[in-house]
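Please open the structure in your viewer and keep the selection tool at hand. The tour below moves from stop to stop, saying at each one what to select and what is there.

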Amino acid sequence: MESRWQNYFLKKGEEFHLFWKSYLKNQKKLLFILGQGFDPRMCLGPEAILKIDEKGVRDFIIIEFKEGDNSPSRDYKNEVMVNLQTLNDLINGKGTQKTITIDMETADGHKVGARYAADIFTNLADFDKYTDIIVDITALPFNIYFPLIGKILFILDSAKSTGQKDKIPNLHVLVTENAVIDKSIKKSGLDDDAQHLHGFTGGLEVSSREEIPTIWMPILGESQKEQIELIDTFITPAEICPVLPSPSTNPRRGDELVLEYRDLLMNRLAVESRNIIYADEQNPFEVYRQILRTVYHYRDALRPLGGCKVAISSLSSKLMSMGAFLVAYEEGISKKQNVGMVYVESKGYSMKKTATNGSTLANSDLFTLWISGECYES
Amino acid sequence: MKEPRNPFSMRSTETIESNLTFLKLFGPGALDALPEDSFLNKVTIFRSGPGGGKTSLFRIFRPESLSTIYSHRSIQEYKELFNVLKNFDVISNEGPKLLGIYLRLSDYASFYDLNISDQEKERFLFSLIDSRLVLKMLRGILVLKNLGSQDLNRIYIEKPVGQANLPNSPLPCTGEVLYNWASKLEENICGVLNRFDHNLDSSVHFYNELGHIYALKPENVTLDGKPVIEKTLVMLDDLHELRKTQRSILLKRLVPARYPVPIWVAERLEALELADLIPGITGREYDAVYLEQHWESSKGKTFENFVKTVSNKRAQIANIDFEISSFNQHLEESLDAPDWAPKFKNATTIIKNRIQQKALTTSVYDEWIQNQEKKIGTPKEIAEDWRALEIRIARKEKDAQKTLFDIPLPVEDDEESGIKAVSEFFIHEEFKIPYLYGFSRIAKLATSNVEQFLEMASELFEEIISKLILKKMDVLSATRQEEIVLDIARRRWNEIPKVINNGRDVARFLSSIGKFSREQTLLPNAPYSPGVTGIGLREKHYLKIIDVEEQKSRPEYKRLAEVLESCVSHNYLKATYDAKQGQKDSEPVTILYFNRLLCAHFGLPLGRGGWRYKTPDELCEWLGLQLTIREKKGRT
């Protein structure tokens, strides 16, 4: 199978630092895009790159998202202020800093964050000062970073397809992984229904394709029962292929997830155990490969009956979700196939205070994914 | 498809993929909620909280269901439904007569974020609904006639004469031409809405109304030149998913348009403003059916009987090695078995002792006690009678007009209202004897919501089949039933902050009502028997909370209104408007009763009738809101 990210660029841990140290020697002009949030990991990625003392532009776009008066995230104003102060100290005159505020919902409670996130950048001119765009998704919610990165990648790809070769910046995604902190941050105030993700609908919403069976691939994480139920009700899949983490830092995690959802998956949703897909928890390109392989398999098998639609839901870590992003972008956006993302909006997030504890934070792993640019050109 | 081991776990209609399974499980009693004039050419709105049964009701009239019912009409399991639907004249011995066109309005809200004019937004909304109705109609005909998409060209649709304004419509044309036209229109709009790159195809014409509904009239549609359907019904589900403006525009267009087909619209209560959430308090523009209210206002045990049918049907299809003919027969229904006798006897002894201690200092209650001693009954009845006597004594003690002389009070023939129910609850509280058990009470706990019933029944059934497999017992003990119900109630409570937008406010508010209600319920003289399970708002107070101008000067009322709205629309509080309170010196009151599962969580009895007046300021304080200063001196 011919796939865009068959060969990929991913660095983690010590390799992350080595890569950026060597890469920045060529006076790179960097645009950082990151979320303003309470996540204690918010500044770890930029910090690691900024402390590399090389010349070049270091501009920042900080995305502030307003979740409304009742959002539980408002309880963490102090944590947000601490993060902002840390970031200011890090930038310390090395570049410009601009804050873009996104309203996550309208006055009547409808969620609009995803659409607004896709409208932040409109054309290549938005990036003409930079050689590299770095989106740090650590403190960004899923419904913001998917359309945001999707739109940036779409702008870069469109420029390339029109023959423009110069001044197309590289696109990197940073993720700071920490299983303990991930577990301590929970969605709060779920919407009553699931929905398609703006920009990533993949034609799933088109009624004239209603008869085509839907294959659903939820990437499973802990405590997502309500979301699984809502998404299942929304898409009524013909077949469910849950994606479980394996290999994983906790080797039993996949089994524990099966145990957590055994009634829901096996009894109520009648998932066949042979449908389970295993993918490397720490390699989004591997998640991408596994999901893509399954998409091709179902598409081939069901072609005589008119093909299939594929709905992907990311209910696990941000790192794994990037695997889903790559599939949904390549298949749903680039190739205009029936592959889209389905998710449940929430009012905000809540976090256990233990997550801010220094020793927990020290166990975080930095990942950098080079999504588009020079390294793919040969 | 293999039936599941626990069929109760299939809760919402959407999750039951197989039509056969859905129809097998459907309780025809749900169709009683349909008003007699439902099939007239007008708009009827069906409202309920989540899981109230709207989508199931609509699903019955979809072509897939009617075809399946027709082809299985001789099989016992479907016979009753076939006959009920025959009475509605939507099916006959010759086949389905109705083409039900079902459309969910779930992904239309995003029009309102587009940077385009309001007129364009409206045109997108109506054009998308219009195109999808056309697609659903054509597909529906294929299903009813058991045809494939290659047969679309055998269908012919006339251009409606008269009212419809359909410029650029391909009508009159074959089904194939119309299908392709509608697909192109739909894909164009979806592309604009959802893709990063899509530009509108300038050749596509958009509409300001649902013009093609006129073409859905049966006489406009033929198959091979012959009439194909006798009736059409348009069903628009999930209206609450639209933006408020969209919802209002759609309803304003639908109602006066007088389309030549009946139109049913379903929405959750959450779409409504607080003012509209309370049936009876404001005038209505449309014929609205409140499903839960339908069950509550029905006489007798209508909901209980309905869920009994539903639960027995589900139990019967369970994929297990033995047969279960009925669900309720496996639930312990009474505490009269010998196992319980020692507990009740012990309770009787303790209560009796307390009463006798009191009687040592007065002879006022002598006759009551003597009369009680003579009573016969089961240990449970005797214990409850003694507890009732204790409450009666507490009431008398509390009474300001105590007798001056120590003269024994005569035995009263009439039981004071609710005292029996409250004595059972008090015994449960004091002696930890189960209260939440038996089918009637489980049905009551569902608070007229089918999904809530299925949630409890699912876990009870799981336990029943496990016990039966292990051959441990035939019936699930009352104690275990109560444990399961309380566990569900606890989980339901814990999920409030997670699943409701302003969930933390809602939880805080409900928690305050719960605490208050319990304090009032457990007063020794049980003054509000069977207990306090709700609060009442005087009409003037209620109107103040929902008044937009008042909310501007009292922002805490806005927050309170939002919380009340969430509580009612998510079925945590049931609202009733009692105009009868207006007789004599009192005024109409809006009563907000707990969902009975929350009664279980807060340790309250399940009965209704006991409620206490509260002012908006008291409610704001419960929410932890600061009151606007100007009002602090003189409270509302």
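This is a predicted model: local features need pLDDT of at least 70, side-chain atom pairs count only at pLDDT 80 or more; totals for chains, interfaces and linings use all residues.

Residues are numbered from 1 along each chain as its sequence is written, chains are lettered from A and ligands numbered from 1 in the order in which they are written, and side-chain values use heavy atoms, with hydrogens and water left out.

**First stop: an arginine in chain A**

Select R253(A), which is placed in helix α8 (residues 253-260) of chain A; helices (H or I, at least four residues) and strands (E, at least two) are DSSP runs, numbered from the N terminus. R253(A) counts as buried because its relative accessibility is 11%, where buried means under 20% relative accessible area, exposed over 50%, and partly exposed in between (1.4 Å probe, protein chains only). Now show its surroundings: leaving aside residues up to four places away in sequence, R253(A) touches L220(A), G221(A), E222(A), P245(A), S248(A), E281(A) and S316(A), a contact meaning heavy atoms within 4.5 Å. With E281(A), the side chain of R253(A) makes a polar contact of 2.5 Å; such a contact is a pair of N or O atoms within 3.5 Å, and within protein one must be able to donate a hydrogen and the other to accept it, while residues adjacent in sequence count only if both atoms are side-chain atoms.

**Second stop: a cis peptide bond in chain A**

Move to the peptide bond from S246(A) to P247(A), which is cis, with omega near 0°. P247(A) lies in the loop between β10 (243-245) and α8 of chain A.

In chain B, select L171(B) and P172(B), which are joined by a cis peptide bond with omega of about -5°. P172(B) is in the loop between β5 (155-157) and β6 (173-174) of chain B.

Next, select N146(B), which is not a glycine and yet has a positive phi of about 55°. N146(B) is found in the loop between α5 (118-144) and β5 of chain B. Is N146(B) buried or exposed? N146(B) counts as exposed because its relative accessibility is 71%.

Finally, select N571(B), which likewise is not a glycine and has a positive phi, of about 75°. N571(B) lies in the loop between α22 (555-569) and β13 (573-578) of chain B, and N571(B) is buried, because its relative accessible area is 4%. As background to these stops, most residues other than glycine have a negative phi, and most peptide bonds are trans.
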